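Trainee: I keep meeting labels in structure reports, and I would like to know what stands behind them. Could we go through one model together?

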Amino acid sequence: MRTMGMFLNGAAPEIRDSTGECAEDADFLLLLNAHHEPVAFRISYELYHAGWKIAFDTARPDLAVEQESVKRNRLVDLAPRSFVVLTHER
């Protein structure tokens, strides 16, 4: 498979506000499918929080931001050669 997922933690200590104080942001999950076939990507149990929403999907550019949530089965269907960004508010 030619798929990859990367988790960006919104509570990472490197996130700072304009005064240099630690700040929190939303969590992000970046999913990439470089394969020529669709792939079902399962979010690991440790990263799954109710409330992951699709912020961006290159296969569906007209999809409204954060209007579609990830289902309870934790599966995200990735179209061939697509990139999806999921977001979760802390």
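Trainee: What makes D57, R60 and E68 a network of salt bridges?

Mentor: This is a predicted model, and in it the side chains of D57 and R60 come together at 3.1 Å, N to O. R60 also pairs with E68, where the closest N and O atoms are 2.9 Å apart. A salt bridge needs a Lys or Arg side-chain nitrogen within 4 Å of an Asp or Glu carboxyl oxygen, so both pairs qualify. R60 takes part in the pair with D57 and in the pair with E68, and D57, R60 and E68 are therefore linked in a network.

Trainee: Why can such side chains pair?

Mentor: Side chains of opposite charge can do so when their charged atoms come close.

Trainee: How many salt bridges does the whole structure have?

Mentor: The search finds 3. One of them joins the side chains of R90 and D27 at 2.9 Å, N to O.

Trainee: Why does the R90 and D27 pair tie together parts that are apart in sequence?

Mentor: R90 lies in the segment after β6 and D27 lies in strand β2, so the pair links parts 63 residues apart in sequence. D27 has 2% relative accessibility, under the 20% cut-off, so D27 is buried.

Trainee: What else meets D27?

Mentor: The side chain of T87 reaches the backbone oxygen of D27 at 3.5 Å. T87 lies in strand β6, residues 82-88.

Trainee: How do you know whether T87 is buried or exposed?

Mentor: Set the value against the limit: 4% is under 20%, so T87 is buried. Leaving aside neighbours within four places in sequence, T87 is in contact with A26, D27, F28, G51, W52, K53, A55 and E66.

Trainee: H88 is also in strand β6. Is H88 buried or exposed?

Mentor: H88 has 12% relative accessibility, and that is under 20%, so H88 counts as buried. Not counting residues up to four places away in sequence, H88 touches A26, D27, H49, A50, G51 and W52.

Trainee: What makes β1 and β4 edge strands?

Mentor: Start with the sheet: 4 strands form an open sheet in the order β1-β2-β6-β4, with antiparallel pairing. β1 (3-8) and β4 (53-57) each have a single partner strand, so one side of each is left without a neighbour in the sheet. Neighbouring strands here are turned by 20° against each other on average, direction ignored.

Trainee: How do you know that β1 and β2 are paired?

Mentor: Pairing asks for at least two bridges, and β1 and β2 (residues 27-33) have 6, so they pair, in the antiparallel sense. For M4, the bridge partner in β2 is L32.

Trainee: Which residues make up the largest nonpolar core?

Mentor: This core has 12 residues: L29, L31, F41, I43, Y48, W52, I54, V70, V76, L78, V84 and L86. The elements that give two or more residues to this core are β2, β5 (75-78) and β6. Take L78 as an example: beyond four places in sequence, L78 is in contact with L31, L32, N33, P38, V39, F41 and V84.

Trainee: Why is Q67 called exposed, while E66 is called partly exposed?

Mentor: Exposed means over 50%, so Q67 at 61% gets that label. E66 has 31%, between 20% and 50%, so E66 is partly exposed. Q67 is in the loop between β4 and β5, and E66 lies in the loop between β4 and β5 too.

Trainee: What is the phi of E66?

Mentor: E66 has a positive phi of about 55°, although E66 is not a glycine. R81, in the loop between β5 and β6, has a positive phi of about 50° and is not a glycine either. R81 is at 59%, over the 50% cut-off, so R81 is exposed.

Note on methods
Residues are numbered from 1 along each chain as its sequence is written. This is a predicted model: local features need pLDDT of at least 70, side-chain atom pairs count only at pLDDT 80 or more; totals for chains, interfaces and linings use all residues. Side-chain values use heavy atoms; hydrogens and water are left out. Buried means under 20% relative accessible area, exposed over 50%, partly exposed in between (1.4 Å probe, protein chains only). A polar contact is a pair of N or O atoms within 3.5 Å; within protein, one must be able to donate a hydrogen and the other to accept it, and residues adjacent in sequence count only if both atoms are side-chain atoms. Contact means heavy atoms within 4.5 Å. Axes are lines fitted to C-alpha atoms, for helices over the stretch in contact, and angles run from 0 to 180 degrees between N-to-C directions. A nonpolar core is a set of buried Ala, Val, Leu, Ile, Met, Phe, Trp, Tyr and Cys residues joined through side-chain atoms within 4.5 Å.
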